[in-house]
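Please examine the sequence and the three-dimensional model shown here.

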Amino acid sequence: MLHHYVTETTSNSRPDRHTKEEVSYVITCAIGSTIGVLHKWSRDNFNLAPEVIADILSEVFLSGMLPLLS
């Protein structure tokens, strides 16, 4: 499923901005990190409010991880 989605999405990428390979890795990273956060949240018995998780995912998506780590 992931491979199909990435292939479908990268077929519409603009090669003047990023290569299909770059786009495929970015999409895979975004999906993987989201699944990882949701997995951790479920393993922690959903101890944080959904809004907190949504804020974390939004911040990482918009700003990357570096601002959260420094």
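## Loop residues with positive phi

Phe 46 counts as partly exposed, because its relative accessibility is 48%; the classes are buried under 20% relative accessible area, exposed over 50% and partly exposed in between, with a 1.4 Å probe and protein chains only. Phe 46 is placed in the loop between H2 and H3. Its phi is near 55°, a positive value in a residue other than glycine.

Asn 45 is also found in the loop between H2 and H3. Its phi is positive as well, at about 55°, although Asn 45 is not a glycine. With a relative accessibility of 64%, Asn 45 counts as exposed.

## Basis of the model

This is a predicted model, in which local features need pLDDT of at least 70 and side-chain atom pairs count only at pLDDT 80 or more, whereas totals for chains, interfaces and linings use all residues. Residues are numbered from 1 along each chain as its sequence is written, and side-chain values use heavy atoms, with hydrogens and water left out.

## Packing of H2 and H3

Helix H2 (residues 20-43) and helix H3 (residues 50-63) pack at an angle of about 155°, and their axes are 11 Å apart. H2 is therefore roughly antiparallel to H3; angles under 35 degrees count as roughly parallel, over 145 as roughly antiparallel, 65 to 115 as roughly perpendicular and the rest as oblique. The axes are lines fitted to C-alpha atoms, for helices over the stretch in contact, and angles run from 0 to 180 degrees between N-to-C directions. The crossing of H2 and H3 is right-handed, meaning that the near helix is turned clockwise from the far one by less than a right angle.

Which residues of H2 and H3 meet? On the H2 side they are Thr 34, Val 37, Leu 38 and Trp 41, and on the H3 side Pro 50, Ile 53 and Leu 57; contact means heavy atoms within 4.5 Å. By class, this contact of H2 with H3 has six nonpolar residues, one polar residue and no charged residues. In this scheme Ala, Val, Leu, Ile, Met, Phe, Trp, Tyr, Cys and Pro count as nonpolar, Asp, Glu, Lys and Arg as charged, and the others, Gly among them, as polar.

Ser 24 lies in helix H2. Is this residue buried or exposed? Ser 24 is buried, with a relative accessible area of 18%. Not counting residues up to four places away in sequence, Ser 24 touches Val 6 and Thr 10.

Val 26, also in helix H2, is exposed, with a relative accessible area of 58%. Val 26 and Val 6 are separated by 20 residues in sequence and by 9.6 Å in space, C-alpha to C-alpha. His 3 belongs to helix H1 (residues 2-10) and is exposed, with a relative accessible area of 65%. Between His 3 and Ile 35 there are 15 Å in space, C-alpha to C-alpha, and the two are 32 residues apart in sequence.

## Overall form

The protein has four helices and zero strands; helices (H or I, at least four residues) and strands (E, at least two) are DSSP runs, numbered from the N terminus. From the N terminus on, the elements run α-α-α-α. The radius of gyration of the protein is 15 Å, well over the 11 Å that the globule rule gives for 70 residues, so the protein is more spread out than a compact globule. This radius is taken over C-alpha atoms, and the rule is 2.2 Å times the number of residues to the power 0.38.

Taken along the principal axes, the C-alpha atoms of the protein fill a box of roughly 40 × 30 × 15 Å. Of the 70 residues, 11% count as buried.
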